[in-house]
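Hi,

Here is the structure we talked about handing over. My notes follow below it.

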Amino acid sequence: MASTRIFVPRETAAVSVGADEVAIEIARVSKSTDSSVTLVRNGSWGASWLEPLVEVEVDGQRIAYRNVSASDVADLFEAGLLAGAPHPKRLGPTNEIPYLIDQDRWTLFRCGLIEPLSVEGFRETGGFAGLEAALGMGSDAVIAAVTESGLRGRGGAGFPTGIKWRTAADASADQKYIACNADEGDSGTFSDRLLMEGDPMCLFEGMAIAGYAVGANKGYIYLRSEYPLTRRILERALDAARSAGWLGDNIQGSDFSFDIELHVGAGSYVCGEETAMLESLEGKRGIVRSKPPLPAISGLFGKPTIINNVITLASVPNILRLGAQRYAAYGNDRSKGTLPFQLAGNIKRGGVVEKAFGITLRELVEEWGGGTATGRPVKAVQVGGPLGAYIPASDFDTPLEYEAFAAIGGMLGHGGIVVFDDATDMAQQARFAMEFCAIESCGKCTPCRIGSTRGVEVIDRIVAGEQRQANEVLLRELCDTMEHASLCAMGGMTPYPVRSILKHFPEDFSR
Amino acid sequence: MTEKSFDPDIVSQIVARHSGRAELLLQVLHGVMDAIGWIPDDVIRQLANELNLSRADVHGVVSYYDDFRTSPPGKHVIKVCQAEACQAMGARELGQHIERSLGVAMHESTTEITLQPVYCLGNCACSPAVMIDNKTYGKVTLQRFDELVESLAGGR
């Protein structure tokens, strides 16, 4: 009898709720029952609420079982797991799960599907075809395609990717760099991690395309240290891609050479800010640099450097393989394409949902997410990480687009959506926004370094009822100063969550 | 001269593994953390020499980043996420429970345990999250935490 393939994700969320133990138990039970099983450690499909999501391949179709624990395995085998038999944990065919198939999976389409360390599996699903297309069309045409796609920086700032690439391509220098920002520090975000653990070579391909487009032969991935499993997967995937000739000198016999070095951060949030990241990549304290000069002109070691987020770079291969127009057809107006939204915090069905821009918060939180995990009403949703506004239920019909969110005093950031229920003390969240800024500030500029600490104190006074009105005026003035006088988004956007709470939940300051 | 609490050769090997490149200081320090568990003063001196940096350069980097400790940690390092997505699922209560049940305050160490708050482990759909000895755990209820700690004690 042929060996049956069983898929158990090796992905941080799945492993955090027992996937490794499930894999070990499957190996043990299949041996003791004399079953011929091939265990595949795939990435995650992104439906974290179903993890560990175990799949068995039956007649070419993958059948999913949800929330499998090690103690379920013997029972599953007895019920006929290898034939995809019924069981209370059986969900049915993976390609019929609504949460997964109703997405617009442009960037994450391989996550869960393939074995992340297999070059063959990557190639079979169109891997490196974008790079091949790029090498055939020339660097100017590559930049034109990226510009035409409407792709904007997915790290949070939303800067048009094509323009950034053009700037670096036009800069003349003996050395240029591609620096991938994988310092995914915003609470509520994990799509970079999902991609790197589930489809690492897609990122390498995007970086190589960027290198070809601007004339860089060296890339860096700056990965946060909080992702040790991601690190191991990236290291092995880099080795595999190099061995297969997709990284290194003269890629696939072409004139183009490109290699990637992995750097691990050391627990500093502000190193996700691009210039602080450059300092850290140079082996220094992660202190923010003044801009200009733009990194695309003078970046890493003073050389022209493209700094893009993981998702930005990983969106590029398909733009070249399938066409810029196909990507631009998603979304609308100035927010084109897709964004992997991350449903997090107090939510029933948390995970990554890649959708075209324009979907509303209500759809994501209520229809996809199923409301809160605690079953209580939603009070607020923080969109865009610790520097993003808290959105009240009255604004849930706002479409998730860069401009629409700016209009309500918020930002999409990296697409993190953190849900809070009605038991939340919003004044405490406002205080935390300032406290977090005080903890993580690099200390270079005064509004951020000092303002954040003063902010905590002023909020404490307001909550204590000391000269409430006067202190509220002071807090607003402090927010204005931080926003306008800080060097980077750390101090500059900490006021966003604070102001949103002052506006929408003033009663929480006096309860 | 005081006796060194580490083997200088190990540090030299780590530097060599990174080709002596000063810009890889963070990676070298991670290597030291993996090998020794913390960054003794003598290591700062040695790294400055071998990487051709000033001691201030190395000290500055060590003191800037949360990952680099300048005193020995407990046998187990527990990092508790205290960021928003975990707060929404009771991370503050979990943090207090951990401090109480282990008798260690955040940022403090005993010979057994080092306890640290962290701001996001990237496991935000399975919050609250805790990292124990570099492994991330999700959906950590108070009870689950107690069980995890018990298994640590059992495995020692």
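Two of them pair if DSSP finds at least two bridges between them. Please keep in mind that this is a predicted model.

Chain B, the sheet. In E3(B), Val130(B) is the bridge partner of Val80(B). E1 (residues 76–81) and E3 (residues 130–132) of chain B run antiparallel, and three bridges join them. They belong to an open sheet of four strands, in the order E2-E1-E3-E4 (chain B). The pairing in this sheet is mixed. E2 (113–118) and E4 (135–137) of chain B each have a single partner strand, so they stand at the edges, and one side of each has no neighbour in the sheet. On average, neighbouring strands of this sheet are turned by 20° against each other, direction ignored.

The contact between the chains. Chain A puts in 43 residues and chain B 35 residues. On the chain A side, H1 (12–16), E8 (259–264), E12 (338–345) and E16 (416–421) each supply at least two residues. E12(A) gives the largest share, four residues. By class, the chain A side has 17 nonpolar, 20 polar and six charged residues.

Chain A, the domains. The chain is divided into domain 1 (4–101), domain 2 (119–328), domain 3 (332–421) and domain 4 (426–510). The C-alpha centres of domain 2 and domain 4 of chain A are 34 Å apart. Eight residues of domain 2 of chain A are in contact with eight residues of domain 4 of chain A. The domain 2 side of that contact has five nonpolar, two polar and one charged residues.

Best wishes

How values were computed:
Residues numbered from 1 in each chain as written. Chains lettered and ligands numbered in written order. Predicted model: local features only at pLDDT ≥ 70, side-chain atom pairs only at ≥ 80, totals over all residues. Axes fitted to C-alpha atoms, helices over the stretch in contact; angles between N-to-C directions. Contact = placed C-beta atoms within 7 Å. Nonpolar A, V, L, I, M, F, W, Y, C, P; charged D, E, K, R; others polar. Domains from an automatic or database assignment.
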